[in-house]
Amino acid sequence: VTIVRLLPVVLVGILMLVAPIIARADTLDEGVRRVGLQLQCPVCEGESVADSPSGLAGDMRAVIRARLAAGVPDRQILDEFVASYGDGILTEPPKRGISLGVWIGPLIGVAFGALVLGLLLRTWRRAPTPSMPSSGYPIDTDVANEFSRYREEFRR
Amino acid sequence: MAALGQICIVGAFGLALYAIVSSVAGVRIGSRELISSGRNAAWAVTALITAASVTLLLAFAVHDFSLRYVWEHSSRAMSIDLVLAAFYSGQQGSLLYWAWTLSLFAAIVLWQQRKSGPHRALMPYVVAVLMGVEAFMTLLLGFVATPFEALPRVPTDGVGLNPLLYDEGMRIHPPMLLAGLMSWSVPFAFAIAALASGKLGNEWVALSRRYAMVAWVILGLGNILGAWWAYHVLGWGGYWGWDPVENVALMPWLVGTAFIHSIQMQERRGMLKGWNVALIMVTFFLSIFGTFVVRSGILASVHSFALSAIGPYFLSFLALAIVGSLALYFWRLPGLRSDNQLDALLSREASFLINNLLFLGVAFAIFWGTIYPLVAEAIADQKVSVGPPYFKQVAGPLLGATLVMMGIGPLMPWRRASRAHVLHNFIFPVTGTLVGLATFIVLGIRDSFAVLGFGICLFVLGAILQEFVRGTLARHRATGEPYPAALLSLIRRNNRRYGGYTVHLAILMIGVGAVGSQVYQQQTQATLAPGQSVTLAGYTITAQGIQTNQLPGVKVIDAMLSVNGQELRPEKQYFDNFPQQPSTKVGLRSTPFEDLYVVLGDWSGDGPAAQVSLAVFVNPLVSWIWAGGVLLLLGTLVTLWPAPAPSRQRVTARLPRNAVGVAP
């Protein structure tokens, strides 16, 4: 019991030891790239602000750098860009408004597919399966009746 | 030349229409003459489109700038191989290339299936469907997007090729991709022929499966080559950007993958007949959609869609194809009933069904994300960007699940797996995976995504290797062949099965490369004066200024770098015709473990005193993806290789009565 009680303390201790290491590894360049990858370059097609060679993307990187250097958190920088450019500036569509649909679509699609598959498997499983290995050819009804009579006799 | 090319195209259009009518009418009224006339018309279409294509190639070769298309896409400064590659660099030329390869494939199919056999009843309809697609393409080429449009006055020189196309990757990627999209028409044609003729047995299945494998490998390689091209030319450090143009070429490949798996259910067990027809239909529709998007880039906005000249035609053709196919499908639905039922949930059949669900799920997620910006713009007039983070989060887990199924599926027997069987098959791969993962964690691979990803890869690897090992051992015991010979003849005699496993190994290598580069990419940027260096992951890169070379038509700037003492030169190329659009050549140093990837961004000053700005990436395991592409081709070839004749044949011929015998 004492070990369980001590656990949070140990965890916090580890976190306090590790936190400065994580923070130090995170240089300004990496921050600019991290934020830039989440923003769509407004004048190019399919390129992020981090990767685009365009002048506007360069200016945006400079803005990100300045804001990061001033200690502004990522989330707030992104929100500032959204405020001036709209949700379309984000490479990851936000889970709100019209963009929500893009996230829900595949969920519904896969869930629907799984449902159909599940129902299908159930009906297939319920259907009486022939105990003889089927050859793929339909069996004559007379022959089939003969077979079932033999089976009946065999059970007795 | 313009007139000659145009006449060929219009002639091909007319003959394609004739071939459809003649073939279908021939079957309906039972006239052999009409059927063979339709077949001959298809040969003539091939000849005419070939003539048109050769005409355009010649026009490029002699710099005939009286043709607008030649003028727009080539210049006198270009070397002959580039001039010929310009053939498919624009919309009209690549549509002509598509139509040309389709006509060649149609000719190959006609040649291969020329002998009489049970497939004979299908062939007139196959001709009709292929010529239907061909008629649509020649309609576009003849009347809407013609490559043979003449200019009123002949300019002295052309505009030249888009700089991105100067790369050798761009010379093989587009033709491969377009041919891959095109070639799904053939298995589709067999499916439609089966529906139309009512011959819903195994004839169309066997043929359609083989042609689908061909289409699958061509489109797969087209996609991999595209990734390779993007990797060493675009210079953003990656190989797959989830760009609409990339996505639309991936979707038919995913649904096609579902098809070549589930078609085996029909071949072996007579199940899923209707489902298979539906799958190949969807694959074909997605291929047409992909060709359209690749060639017009319409997904950027609704407005560019409305402006594109070929848009309405493509949509009409697609709508017509969908309505026609569905009508046939529902008409024949009663004949598409399964011969067999599912025996157990633990079976090969059930794992194929899950495989299908996953592949369709991924394809749908990618489709939805790709068209969603259009949907949002159309219904709410809002701009939505759907970038890589979406596709990674949605398609990533589903693709991971397909990998898992790649391990489970082959270990499941047909019909029903007993508990002992499952235990027997899974104990080694699962134990191997656990031991391997423990080793990885000890070695320092602890990222949760990497552990999961590599863990899946290990499991699949174990499952496949077990199949190879057990097969070889069994053959060694049975025939006494030494192990290497036993392995080879195992593959030779069961080429479909072990070729398939080889393809699975190739996919596995691509998966390993994707996980490694996704998780462990390192990146830095630096602006370096001569003598200064930057260090990343053990590579010390020292700048030594730049070197400028003026080549004919292009100015090349090389950054002079030394990496741990060896020379590396990333390039920027400025083409005289497109000075605003410099193209990048990445400085690449590849090993099986990782790539050093250096991009020259900018520079100031000149010569050895210049200061350079670099983007430096270290991308682990990327070369596994390209090696996987090579193995993919090999494995598919093994699968498609004609099966050997049965090993022993009884001598049935009688000896002549007076033959001289040899005493035993």
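Buried area is the accessible area, taken with a 1.4 Å probe, that two parts lose on being put together, summed over both. The structure is a predicted model, in which local features need pLDDT of at least 70 and side-chain atom pairs count only at pLDDT 80 or more, while totals for chains, interfaces and linings use all residues. Residues are numbered from 1 along each chain as its sequence is written, chains are lettered from A and ligands numbered from 1 in the order in which they are written, and side-chain values use heavy atoms, with hydrogens and water left out.

Between chain B and chain A, about 3,200 Å² is buried, and carbon and sulfur atoms give 63% of this area. Gln341(B), Leu357(B) and Ser385(B) together supply 16% of the area that chain B buries against chain A, more than any other three residues. Contact, defined as heavy atoms within 4.5 Å, involves 34 residues from chain A and 40 residues from chain B.

Six residue pairs are in polar contact between the two chains, both residues being at pLDDT 80 or more. A polar contact is a pair of N or O atoms within 3.5 Å; within protein, one must be able to donate a hydrogen and the other to accept it, and residues adjacent in sequence count only if both atoms are side-chain atoms.

On the side of chain B that touches chain A, the elements giving two or more residues are α14 (348-380), α15 and β1 (522-528) of chain B. Helices (H or I, at least four residues) and strands (E, at least two) are DSSP runs, numbered from the N terminus. With 12 residues, α14(B) gives the most to this side. The residues of this side of chain B comprise 24 nonpolar, 11 polar and five charged; Ala, Val, Leu, Ile, Met, Phe, Trp, Tyr, Cys and Pro count as nonpolar, Asp, Glu, Lys and Arg as charged, and the others, Gly among them, as polar.

Two loop residues of chain B were examined for backbone geometry. Most residues other than glycine have a negative phi. Arg415(B), in the loop between α15 (388-408) and α16 (419-443) of chain B, has a positive phi of about 70°. Ala537(B), in the loop between β2 (533-536) and β3 (539-551) of chain B, has a positive phi near 50°. Relative accessible area is 25% for Arg415(B), which is partly exposed, and 37% for Ala537(B), also partly exposed. Buried means under 20% relative accessible area, exposed over 50%, and partly exposed in between (1.4 Å probe, protein chains only).
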